[in-house]
Amino acid sequence: MDELVSAENSLLDGFVELTETTINLIKSNGYSIQQIRDSVSANSNKAISNFAILSLIEPIFNSYCNTLSQCEEIDFNDMINIATKYVNERKYSHHYKYVIVDEYQDISKARYSLLKALRDTEDYDLFCVGDDWQSIYRFAGSDIGFILNFTKYWGASEISRIETTYRFSQKLIDISGGFVMCNPNQVRKAIRGNTADTAFPLGEINGYTEANLTDFLSTRLLDLPQNSSVFFLGRYSFDIDYIKNCSNFSCNYNNADGRVNVTFSRRRDLQITFITAHRSKGLQADFVFILNNRKSRMGFPSKMQDAPIMNLLLDNSDHFPYAEERRLFYVALTRAKQKVILLTLNGKESEFVAELQAMYSNEMKREAFTCPLCGGSLLKRSGPYGEFFGCSNYRLQDCKYKRNINKK
């Protein structure tokens with residue numbers, strides 16, 4: 001019964017996100033439902049699927065627009081579109097010499113149209129800061145084409161690259177950067193870090209069932225240094241289900257910031273937070289555990305957000321498979337200051353996990369037998385209480401780390 005309820009919740013979550021994305025894009029582009037229907041008819045490929053999705057979303061869209069009208073209210077997309085209309089009709093003029101746009105990778109068609117209308121009426125110098133690798137807000141109307149094809153929209157431009165990061169080690173930069181650049185449409189970058197690698201920064205916890213997966217997770221948490229900060233990252237909010245029903249974990253929801261504070265009874269010193277990958281952007285923790293790595297419709301990558309109707313709503317859509325999901329996974333990987341660990345079920349690993357395993361399987365296997373305190377190797381030893389794993393630096397550095405052999 002619990003699995004059935006979880007499946008129903010995940011399907012609902014996915015449909016809600018798809019509905020939100022579709023409505024945002026329709027309004028951001030200034031389209032009507034009839035225009036979308038005409039576009040679907042003109043593109044016979046996937047037409048049946050697109051009409052099915054549109055028939056589900058249309059009554060929600062109409063009800064939403066009617067409610068706004070009856071209450072004499074507007075939403076954010078309306079505000080941008082009305083502002084653009086006023087500028088084009090010369091009802092508003094500006095005297096800006098310089099305009100700065102931060103997080104430019106998240107710009108939508110509506111926001112671009114407003115900036116362009118302002119510039120067409122009175123020219124200004126435009127300065128934009130953005131990272132195409134972190135374009136993850138398509139559900140809010142963002143279109144990555146505006147940064148990938150910058151000069152097409154703004155003309156001759158000077159581009160400066162920031163290619164040094166102070167957040168994490170060079171090896172994690174290499175892993176995450178190589179992963180996101182598997183999409184040939186992403187801008188090529190050679191990012192440099194300023195911290196040395198003390199251990200391989202990517203690990204995996206693999207289980208045959210969700211029950212023993214959480215057991216292995218508990219063991220891994222016991223290994224972490226005192227007072228470490230920890231993120232449990234989910235693709236969807238329901239991914240908290242992986243841990244909230246486990247006896248060693250308790251969850252306290254914080255509706256104000258969308259996070260869940262997690263307490264692990266065996267290590268109360270750990271500062272553990274559950275948060276979705278979208279909400280984690282701009283944040284960091286010492287250790288990151290990515291929870292949902294299943295190969296499924298509601299896994300990571302999510303299949304729901306690659307619905308064919310998206311290609312009709314995004315003029316500059318990136319057609320590389322799971323393009324935005326790949327960027328979102330990159331964001332998840334790079335939240336870790338020290339190490340990111342993937343939770344996987346044997347035989348159900350996602351496409352993204354399979355990619356990383358193909359490149360780094362040997363290093364990931366060795367990582368599981370690396371001392372979390374000093375980076376030495378864990379060796380099987382025997383003692384008065386049976387076999388255990390002990391650190392190879394026991395004599396050289398007086399490292400006293402031990403792991404019980406039956407809790408590998």
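This is a predicted model: local features need pLDDT of at least 70, side-chain atom pairs count only at pLDDT 80 or more; totals for chains, interfaces and linings use all residues.

Modeller: Residues are numbered from 1 along each chain as its sequence is written, and side-chain values use heavy atoms, with hydrogens and water left out.

Biologist: Why is Glu103 called partly exposed?

Modeller: Buried means under 20% relative accessible area, exposed means over 50%, and partly exposed lies in between, with a 1.4 Å probe and protein chains only. Glu103 has 37% relative accessibility, so Glu103 counts as partly exposed. Glu103 also has a positive phi of about 50° although it is not a glycine.

Biologist: Where is Glu103 found?

Modeller: Glu103 is in the loop between β1 (98-101) and α5 (109-121). Such elements are DSSP runs numbered from the N terminus: helices are H or I of at least four residues, and strands are E of at least two.

Biologist: Which residues does a cis peptide bond join?

Modeller: The cis bond joins Phe300 and Pro301, with omega about 20°. Pro301 lies in the loop between β10 (285-290) and α11 (309-313).

Biologist: What makes a space a pocket?

Modeller: On a 1 Å grid over the protein atoms alone, a pocket is an open set of points with protein on both sides within 12 Å along at least five of seven lines, and its lining residues have an atom within 4 Å of a point. The largest pocket has 49 lining residues, and Val129, Gly130, Asp131, Ser160 and Ile162 lie nearest its centre. Its volume is about 1600 Å³, a volume being the space filled by probe spheres set on the points. The largest share of the lining, six residues, comes from α8.

Biologist: What makes a set of residues a nonpolar core?

Modeller: The members must be buried Ala, Val, Leu, Ile, Met, Phe, Trp, Tyr or Cys residues joined through side-chain atoms within 4.5 Å. The largest such core has 33 residues, and Leu202, Ile290, Phe329, Val340, Leu342 and Leu356 have the most contacts inside it. The helix α12 gives the most to this core, with six residues. A second, separate core of 24 residues includes Ile240, Tyr242, Ile272 and Ile341.

Biologist: With which residues is Val340 in contact?

Modeller: Contact means heavy atoms within 4.5 Å. Leaving aside neighbours within four places in sequence, Val340 is in contact with Leu172, Pro201, Leu202, Gly203, Val288, Ile290 and Leu333.

Key
On a 1 Å grid over the protein atoms alone, a cavity is a set of points where a 1.4 Å probe fits but cannot get out, and a pocket is an open set with protein on both sides within 12 Å along at least five of seven lines; lining residues have an atom within 4 Å of a point.
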